[in-house]
Amino acid sequence: MSLSAENEREFDLFITDLNGNLRGKRIPVNSLDKVMDEGVKLPRSVLGFDFWGDDVLDNGLVFETGDSDGVCMPVHDEVVEVPWAEVPRGQVMAMMFNPDGTPFSADPRQVLSGVVARFKALGLTPVVATELEFYLMDGQSEETQRPRPPVLVEGHGRRLKATDCYSIDEMDCLSAFFTEVREACDIQGVPADTIISELGPGQFEINLNHVANPMLAGDQAVMFKRLIKGIARKQGYSATFMAKPYAKKSGNGMHVHFSLLDENGNNVFDNGGDEGTDVMRHAVGGLMQTMSSSMLTFAPHMNSYRRFMSGAHAPTFASWGYENRTVALRIPESPPVARRIEHRVSGADANPYLVLASILAGALYGIENKIEPPAPITGDAYTDDSADRTQTLPNKWDDATDRFSQSDVLKEYLGETFVRVYTAAKRQEQRKLHEQISDIEYEAYLGLL
Ligand SMILES: NC(=O)CC[C@H](N)C(=O)O
């Protein structure tokens, strides 16, 4: 392992917990060789703290081991520079193993690794690209106490507006931010492609280029989220990947494009024409059939379900179509060699490893079982009465948790332990939220009833 910048004095080693938060340690550089050989020990409970920080996952897996340590081994050869840090610092991502060297099956990266291994056994390599949306904010509105879009200090003092979708002027006004983001992506090897001003005020999307390595694509998405939040903080903003920060504005999605290469490097979705191969259709069939049970990883929080609104460019039922942004699975118009599926269900609040694992599992299930999808949707899926809506998606978090916990397909592809642990974590989060009394309840009921 090497350092990318000579003057780094410390580096962060981290994994993602079940919710995609980074958990790890800040380590002096003189321990680099030791860390490379032996990894870093972390208690298994780091995978499942609740959001209130006063509880850990009580699923048995943590406590039945006495919350013993797992061993986090670095997954890349290089400690990359964290260019937005106030002092020279590096970072390296890791994966958790049991002390005997076997994978710790509740680590999200291990879950993805297990699914990728199944493709490898069939001689197939998934090619993956992610697109992540986020909002930039600059604190709270005094009136509503809610987060608000940033003032364009470099521009003409106006606030960002919804009409700034695809606005170059808006990006000019925020050019110090985007210049630093682009530089940091280059330094860290995050393959940032285009930057787009999105529909919401202060909402942006950055597309990452495709990579024939889903593990790396997951790492890059995780690195990207850290980088955006870190640079926003440094420049006096805050950034959020929360699925629906504003009730009536566009949500933050995480779209995933993917195809499959055979051992000769040929795209197995490419039939030389526009419609794609049988294998692609079977992948679509499997994705549609598993979509409702995988919903919990695509939409992991209470807030996630607010994103699935008619007309919001987010899907409302399991559907597919060619060059159609109102469906869950879009086959984008492209040269045949680039034939691929765009999965549009996940929120940007989801854990990228778990999103990729669930998508690849669904596609593989469809391919292995030659599952035929219903007819593609050609028009507006939100209003088309002739569309087959039999494959509904859970629109409530609790319902999604039930479907996830009962799925034999997910137990098979993601692992029984993982399904048990993730279900327990989500049920705990639900219990905690349901225990809270919200402001709106006091507003509506306190003086009236
Ligand atoms: N880029 C788009 O198509 C918009 C996606 C939309 N913001 C979502 O929530 O998924």
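This is a predicted model: local features need pLDDT of at least 70, side-chain atom pairs count only at pLDDT 80 or more; totals for chains, interfaces and linings use all residues.
Which residues is Thr-423 in contact with, leaving aside its neighbours within four places in sequence? The contacts of Thr-423 are with Thr-401, Phe-404 and Ser-405, where contact means heavy atoms within 4.5 Å. Thr-423 itself is found in helix H10, which covers residues 416-435. Helices here are DSSP runs of H or I with at least four residues, strands are runs of E with at least two, and both are numbered from the N terminus. At 9% relative accessibility, Thr-423 counts as buried. The term buried stands for under 20% relative accessible area, exposed for over 50%, and partly exposed for values in between, with a 1.4 Å probe and protein chains only.

Residues are numbered from 1 along each chain as its sequence is written, and side-chain values use heavy atoms, with hydrogens and water left out.

The chain as a whole comes next. Its secondary structure comes to 11 helices and 15 strands. The C-alpha trace spans about 60 × 55 × 55 Å along its principal axes. For 449 residues, a compact globule would have a radius of gyration near 22 Å, and the 22 Å of the chain agrees with this. That radius is taken over C-alpha atoms, and the globule rule is 2.2 Å times the number of residues to the power 0.38. Of the 449 residues, 56% are buried. Among contacts with a separation of 6 or more, 70% come from residues 24 or more positions apart. The accessible surface is about 19200 Å², and carbon and sulfur atoms hold 50% of that surface; such areas come from the Shrake-Rupley method with a 1.4 Å probe, and for residues only the protein chains shown count as cover. The chain carries 43 positive and 65 negative charges, with mean positions 3 Å apart. In this count Lys and Arg are positive and Asp and Glu negative, while His and the chain ends are not counted. Each charge is placed at NZ of Lys, CZ of Arg, CG of Asp or CD of Glu.

Glu-323, in the loop between strand E13 (320-322) and strand E14 (329-331), has a positive phi of about 45° although it is not a glycine. Glu-323 counts as partly exposed, at 42% relative accessibility. Lys-370 also has a positive phi, near 45°, in a residue other than glycine. Lys-370 belongs to the loop between helix H7 (352-368) and H8, and its relative accessibility of 60% makes it exposed.

The loop between H7 and H8 also holds Ala-375. Ala-375 is exposed, with a relative accessible area of 60%. Arg-281, in helix H6 (residues 278-298), is in contact with Trp-320, Ile-371, Glu-372 and Pro-373, leaving aside neighbours within four places in sequence. Arg-281 is partly exposed at 24% relative accessible area.

Glu-198 lies between strand E9 (192-197) and strand E10 (203-208) and, at 13% relative accessibility, counts as buried. Beyond its neighbours within four places in sequence, Glu-198 is in contact with residues including Glu-133, Cys-165 and Phe-204. Asp-349 is in the loop between strand E15 (341-343) and H7, and is buried with a relative accessible area of 12%. Not counting residues up to four places away in sequence, Asp-349 touches Asn-19, Lys-225, Phe-241, Met-242, Ala-243, Pro-300, His-301 and Ser-304.
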